[in-house]
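Hi everyone, thanks for making time.

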Amino acid sequence: MSSHRPSAHTSELVNRRTGATICRRVHVARSLWERMVGLMGRKPLQADEALWLEPCNGVHTFLVRYPIAVMVLGRDLTVLAIHGKVQPNRLVCPVRCGYVTIELLPETLAKAVVMLGDRMCLVPDR
């Protein structure tokens, strides 16, 4: 499995503990502009889709029209915080030592077996 530096396109999000793919299409946002825009004004996420924000340790859901799930990871991609359902117009406060934030649909996260301390990885498109 790869490090967390995938190609500029999309990658798969995999839970290293279980080996299970959580999302097949992860869009990576690393530039300041991509992170600032996030999910605002975009089409709603699909069940197999997520947004990877790096660096980022907290998010808001202002101008996002639907609930999202949020995972915050440390630099080693260990899950530090899980928010199963964040309603629109809310704030997920910054997580100490957080470095990556992943936004996905609540139902996608609910189907995945993700626990605090799990390690995630991105597998680039082949």
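Let me start with a counting question: how many salt bridges are there? The count comes to 5. Keep in mind as we go that this is a predicted model.

Let's visit some of those salt bridges. Take arginine 24 and glutamate 12, whose side chains meet with N and O 3.3 Å apart. That pair ties together distant parts of the chain, with arginine 24 in strand 2 and glutamate 12 in strand 1, 12 residues apart. Arginine 24 is partly exposed, at 49% relative accessibility, and glutamate 12 is partly exposed too, at 22%.

Next up is aspartate 118 with arginine 17, where the closest N and O atoms are 2.6 Å apart. Here the partners sit 101 residues apart in the chain: aspartate 118 is in the loop between helix 2 and strand 9, and arginine 17 is in the loop between strand 1 and strand 2. Is aspartate 118 buried or exposed? Aspartate 118 counts as buried, at 3% relative accessibility, while arginine 17 is partly exposed at 42%.

Then we have arginine 30 and glutamate 54, with 3.3 Å between the closest N and O atoms. Arginine 30 lies in the loop between strand 2 and helix 1, glutamate 54 in the loop between strand 3 and strand 4, and 24 residues separate them. Arginine 30 is partly exposed, with a relative accessible area of 23%, but glutamate 54 is buried at 2%. There's also a network of salt bridges linking Arg25, Asp48 and Glu49.

A cis peptide bond joins glutamate 54 to proline 55, with omega at about -5 degrees. Proline 55 is in the loop between strand 3 and strand 4.

While we're on backbone details, look at two leucines. Leucine 63 has a positive phi, near 70 degrees, even though it isn't a glycine, and leucine 77 also has phi near 70 degrees. Leucine 63 is in the loop between strand 4 and strand 5 and is exposed, at 63% relative accessible area. Leucine 77, in the loop between strand 5 and strand 6, counts as buried at 5%.

Now for the inside. The largest nonpolar core has 21 residues, and those with the most contacts within it are Leu13, Trp52, Met71, Ile102 and Leu104. Strands 2, 3, 5, 8 and 9 each supply at least two residues of this core, and strand 2 gives the most, with 4. Apart from that one lies another core of 17 residues, including Leu45, Val70, Ala81 and Val92.

If you want to zoom in on one residue, pick leucine 104. Its contacts beyond four places in sequence include Ile22, Cys23, Ala50, Ile68 and Leu109.

Last topic, the cysteines. How many disulfides does a search of the whole structure find? It finds 0. Cysteine 97 is exposed, at 60% relative accessible area. Cysteine 121 is in no disulfide either, with the nearest cysteine sulfur, that of cysteine 23, 13 Å away. In contrast to cysteine 97, which is exposed, cysteine 121 is buried, with a relative accessible area of 1%.

Methods. Residues numbered from 1 in each chain as written. Predicted model: local features only at pLDDT ≥ 70, side-chain atom pairs only at ≥ 80, totals over all residues. Heavy atoms only, no water. Core = buried A, V, L, I, M, F, W, Y, C linked by side-chain atoms within 4.5 Å. Buried < 20%, exposed > 50% of the residue type's maximum accessible area, 1.4 Å probe, protein only. Contact = heavy atoms within 4.5 Å. Disulfide = S-S within 2.5 Å. Salt bridge = Lys/Arg side-chain N within 4 Å of Asp/Glu carboxyl O.
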